[in-house]
Amino acid sequence: MAETSNNTILSARDIYKEYKIGKTLLRVLNGINLDIQEGQVLVILGASGAGKSTLLHTLGMLDTPTSGSIHFKGENLSIANQSELAAKRNKVFGFVFQFYYLLPDFNALENVLMPCFIGQSMFKAKPKKENTEKAVQLLKRVGLEDRINHRPDELSGGEKQRVAIVRALINDPEILLCDEPTGNLDTHTGREIQELIWELNERTKQTVVIVTHDERFAKTAECVVRITDGKIVNCARN
Ligand SMILES: Nc1ncnc2c1ncn2[C@@H]1O[C@H](COP(=O)(O)OP(=O)(O)OP(=O)(O)O)[C@@H](O)[C@H]1O
Ligand SMILES: [Mg+2]
């Protein structure tokens with residue numbers, strides 16, 4: 001068990017990530033230690049190439065560190081086998097990315113329901129009534145009641161990101177991990193998405209981790225971590 005406080009939901013211990021490029025070793029994460037508290041909004045800031053996405057993917061078990069471990073409520077996820085991990089990842093984490101990654105041939109509602117079909121063929125599977133009702137409720141909550149049947153190419157950038165956020169929330173994850181959620185949006189739309197994430201956190205008390213270049217996020221987050229060259233250089237609480 002990792003040494004954590006009672007409220008720690010996720011922790012990173014001595015995380016190193018290295019890539020071998022030819023004969024050169026590129027160290028992208030250089031000894032990261034981080035405790036994330038349950039219910040908090042944590043913002044990870046840093047310049048391009050600092051290692052933010054690598055850290056977020058490592059925290060969400062989408063990527064494996066070269067060494068070090070990730071602990072969820074004190075349980076070491078880094079020693080879980082692949083099937084345990086896949087189940088845990090789907091239950092614990094919701095992911096939001098800069099480029100949305102919506103499936104182009106499916107409408108907003110179907111995209112949101114996608115995580116309910118993990119392990120099944122989307123073409124054969126029928127959504128459960130309660131999942132459809134929940135998806136519609138969530139789409140309404142983010143102001144997309146009139147866009148439910150729109151495919152991604154019939155949605156604006158901000159609307160696509162709302163759909164992606166709802167998709168990340170459909171399985172009630174304990175932790176929402178967002179990688180540059182406003183990185184592809186204009187200032188106004190970016191602010192709306194930022195407000196939406198805050199409002200969802202207020203409402204659900206879900207833990208949220210946001211990786212961004214956007215300093216505006218730092219003003220309202222409870223906790224801000226700055227990383228440079230794969231190291232945490234500053235950790236501040238607002
Ligand atoms: N698969 C890979 N192989 C080799 N190097 C990689 C790989 N993935 C990332 N890197 C390198 O690791 C460094 C950190 O990448 P990362 O994507 O974590 O940065 P970032 O802080 O998210 O940057 P940005 O703000 O531009 O998204 C970069 O220099 C990148 O080139
Ligand atoms: Mg990145």
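**Group meeting: a walk through the predicted model**

Good morning. I begin with Pro152, which, once neighbours within four places in sequence are set aside, is in contact with Leu102, Leu103, Pro104, Phe106, Asn111 and Lys160; contact here means heavy atoms within 4.5 Å. Pro152 sits in the loop between H4 and H5. Helices (H or I, at least four residues) and strands (E, at least two) are DSSP runs, numbered from the N terminus. Pro152 is buried, its relative accessible area being 9%. Buried stands for under 20% relative accessible area, exposed for over 50%, and partly exposed for values in between, with a 1.4 Å probe and protein chains only. From the C-alpha atom of Pro152 to that of Thr8, 144 residues apart along the chain, the separation is 37 Å.

Some conventions before I continue. This is a predicted model, in which local features need pLDDT of at least 70 and side-chain atom pairs count only at pLDDT 80 or more, while totals for chains, interfaces and linings use all residues. Residues are numbered from 1 along each chain as its sequence is written, chains are lettered from A and ligands numbered from 1 in the order in which they are written, and side-chain values use heavy atoms, with hydrogens and water left out.

Let me turn to the protein as a whole. The protein contains seven helices and ten strands. Its C-alpha trace spans about 50 × 45 × 40 Å along the principal axes. The radius of gyration is 18 Å, which agrees with the value near 18 Å for a compact globule of 238 residues; it is taken over C-alpha atoms, and the globule rule is 2.2 Å times the number of residues to the power 0.38. Of the 238 residues, 50% count as buried. Among contacts with a separation of 6 or more, 69% are made by residues 24 or more positions apart.

Next, the interior. In soluble globular proteins, nonpolar side chains tend to be buried together. In this model the largest nonpolar core has 40 residues, of which Leu139, Val163, Ile165, Ile197, Trp198 and Ile210 touch the most other members. Such a core is a set of buried Ala, Val, Leu, Ile, Met, Phe, Trp, Tyr and Cys residues joined through side-chain atoms within 4.5 Å. The elements that each supply at least two residues of this core include strand S3 (41-45), helix H4 (129-141), helix H5 (157-169) and helix H6 (187-204). H5 gives the largest share, six residues. Apart from this core lies another, of 30 residues, among them Ile36, Ala50, Met61 and Phe72.

Which residues does Leu139 contact, leaving aside its neighbours within four places in sequence? They are Ala108, Leu109, Val112, Leu144, Glu145, Ile148, Val163 and Val166. One of these, Leu109, is found in helix H3 and counts as buried at 15% relative accessibility. Beyond four places in sequence, Leu109 touches Thr132, Ala135, Val136, Leu139 and Ile148. Its C-alpha atom is 13 Å from that of Gly143, 34 residues apart along the chain.

I now come to helix H1 and the residue that follows. H1 is largely enclosed by the rest of the structure, because six of its eight residues are buried. Those residues are Lys52, Thr54, Leu55, Leu56, Thr58 and Leu59. Just after H1, Met61 takes a positive phi of about 60 degrees, although Met61 is not a glycine. Met61 has its place in the loop between helix H1 (52-59) and strand S4 (67-72), and is buried at a relative accessible area of 9%.

Tyr101 also has a positive phi, near 55 degrees, in a residue other than glycine. Is Tyr101 buried or exposed? At 52% relative accessibility, Tyr101 counts as exposed. Tyr101 lies in the loop between strand S6 (93-97) and H3.

Finally, Gly39. This residue is in the loop between strand S2 (24-37) and S3, and at 17% relative accessibility Gly39 counts as buried. Gly39 touches Asn201, Lys205, Gln206, Thr207 and Glu222, residues up to four places away in sequence not being counted. Gly39 and Val208 are 169 residues apart in sequence, yet 7.3 Å apart in space, C-alpha to C-alpha. Thank you.
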